[in-house]
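Please look through the sequence and the three-dimensional structure shown here before reading on. The report that follows takes up a few parts of them in turn.

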Amino acid sequence: MTDEMTMLRDAGTELDPPGEAPAALRERVVAGFVPDGGAAGAPGAASRAAVGDVIRMRRPVGRRLALVGGVAASLAAALVIAPSLGLGGSGEGEEPGLPISAAAAAVLQEAAAVEAEREPWAPRPDQFVYRKVVETLDVTAEPLEAGHVESWVSVDGRHTGLSKGWTLPDEDPVSSPLEPCAEGTEEWCVNVPAIPADIPTDGDPDVMLRYLRDTAGPPPEDVPEPLPDSATFVRAADLLAIGSLPPQARSALFEAVALIPEVTVTGDAVDAAGRPGVAVGLTYAGGDRDELIFDRETNEFLGGRQVRSPDELADRAGWALLESGVVDKVGQKP
Amino acid sequence: MSAVPAPQVDTRADGAPAGSEARREPGSVAGPENRTDAAVIAAADQDTEQFAVLYDRYAAGLHRYAYRRLGPEHAEDVVAETFAIAFRRRRTYDRSRPDARPWLYGIATKEIARWHRSEEARLRAWARSDVGRPEESLADRVAERVSASAARPELAEALRRLTPGDRDVLLLAAWGDLTQEQIARTLGIRPGTARSRLHRARRQVRAALGAGATDELEAGR
């Protein structure tokens, strides 16, 4: 077989434009090269801005969330596609995919109980969801490359929010405004409502499960044999990644996930912030897993990860929700 | 790009033709055609229209790259936006780097990322464009599999299944004609990361092409 790079280069010619870039484009571009009194930013600012843009534009779960769309697409970070490098399990010698549905249900129900005890509230459309998350960008890098994002996303998607991203702790974060989506750009625009207006808040797990199934995207494509509720689970993870759902909704979400028959405790896990926890998830043929991670002691939701087997670096992958809350103004913290 | 230990030498190990205009003999007279990209950008401090030299050097390559990835609807916008952003950020350009291609492709990569749904659709369409082909014998198809167009559906599908970061690295190498070190600078990642991503992406594409051929053989059995 021909070398895949040669094949890719050859095949690429099929996608070539019919001719050169039009002269009108040159005119349009060059017309913009006029003095401006100085570009903003110190040396190096551009490259840092670039990093911030990457974080903001990065679709959580890459392609999968992109397909799920909706709220998920607006979030700066969620599950990460872990690269497949070598063989390995979930660490600690624990067998991945141990079919302990009852244990999974127990973890989820504990998490639901934590939420149910909170004072109910509902977001106002003009508020913002504040989140601080960390997401592994490259598990193979030494030291680990992680994207840190702080964001204020408009609850109804109609107000300009803000995303601040950086990859190194000593780096200045780069801010990017999150402009409301223009008409007709919802398909790809990232600033969709932070909280879906139609999310059930009656606390009924069955209603929530139906909602998850109705709003789930197509089944994940990067696992060989997705389970019937794979997309449902991913949808739940997307919603949990928001962090600040009304507690009634979050509580029902956890219980709804517990109703998915294939959900099991998949073992010990470490979230992207290095916090140890217990993972609850779906295990697919071949050992791939989608996981939600909960604090082992408090059962609080920490984050999630995708483990695409074989993957010995699983414990470096994923995303972690560090802080979240609903605030009135961009820049405020809960 | 503080995270990246930046190699100072612009090696052009692959002898990539595009962009080689920027390669100049050290110490050569800085005439309009001989200047490095860095010199052009420096000249734009005084005379902003000088920035058009960069356009003339790289717009065609960037346009082709964006067109391949996104198709006609967005390629021109990506080029226009890339140069507009580059111009705005020209004073932050690291002028110790003679070759501006990694910088420009880095900006373009982020612009392309905004249109990921278009890319998705384009790859699907590309995969399908094979559907209308007249039926051929299995033997023909298997024999033909060595050619790029016969493997197009598998190739398109394999590209679609790559993670965005892996796809960027692979396509910058295959279609952008950038070296691994240039790709690392383009994406703001370590050279080792670029290498491992490229390796992984190539392996996945190779596997997909192999699997496709096998499927076909089995289907025809």
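## Overview of chain A

Chain A has nine helices and nine strands, where helices (H or I, at least four residues) and strands (E, at least two) are DSSP runs, numbered from the N terminus. This is a predicted model, in which local features need pLDDT of at least 70 and side-chain atom pairs count only at pLDDT 80 or more, while totals for chains, interfaces and linings use all residues. Residues are numbered from 1 along each chain as its sequence is written, chains are lettered from A and ligands numbered from 1 in the order in which they are written, and side-chain values use heavy atoms, with hydrogens and water left out.

Of the 334 residues of chain A, 55% count as buried; here buried means under 20% relative accessible area, exposed over 50%, and partly exposed in between, with a 1.4 Å probe and protein chains only. Among the contacts in chain A with a separation of 6 or more, 62% come from residues 24 or more positions apart, a contact being heavy atoms within 4.5 Å.

## A covered helix

Helix H8 of chain A covers residues 230-241, and its end C-alpha atoms are 17 Å apart, which agrees with the 16 Å that its twelve residues should span at 1.5 Å a residue. The expected span is 1.5 Å times one less than the number of residues in the helix.

H8(A) is mostly covered, since twelve of its twelve residues are buried, including Phe233(A), Arg235(A), Asp238(A) and Leu240(A). Just after H8(A), Gly243(A) takes a positive phi of about 85°.

## Neighbouring strands and their turns

Strand E5 (residues 264-270) and strand E6 (residues 276-283) of chain A pair in the antiparallel sense over six bridges, where two strands pair if DSSP finds at least two bridges between them. Within this pair, Asp268(A) stands opposite Val278(A) in E6(A), and the hairpin has five residues between the strands, with Gly274(A) taking a positive phi near 85°. E6(A) is mostly covered, with six of its eight residues buried. Seven bridges join E6(A) to strand E7 (residues 289-295), which run antiparallel, and Thr283(A) stands opposite Arg289(A) in E7(A). These two strands also form a hairpin with five residues between them, and Gly286(A) in the turn has a positive phi of about 90°.

E7(A) pairs in turn with E8(A), in the antiparallel sense over six bridges, and the turn of their hairpin holds Asn299(A), with a positive phi of about 65°. Strand E8 (residues 301-307) of chain A is mostly covered, as seven of its seven residues are buried. Gly304(A) in E8(A) is the bridge partner of Leu292(A), and the bridge partner of Gly304(A) in E9(A) is Trp319(A). Two bridges join E8(A) to strand E9 (residues 319-327), and these strands run antiparallel.

## Where helices of the two chains cross

Two packed helices are described by the angle between their axes and the distance between the axes. The axes of helix H2 (residues 23-30) of chain A and helix H2 (residues 51-70) of chain B come within 10 Å and cross at roughly 150°; axes are lines fitted to C-alpha atoms, for helices over the stretch in contact, and angles run from 0 to 180 degrees between N-to-C directions. H2(A) and H2(B) are therefore roughly antiparallel to each other, because angles under 35 degrees count as roughly parallel, over 145 as roughly antiparallel, 65 to 115 as roughly perpendicular and the rest as oblique. The contact is made by Leu25(A), Arg26(A), Val29(A) and Val30(A) of H2(A) and by Ala52(B), Tyr55(B) and Asp56(B) of H2(B).
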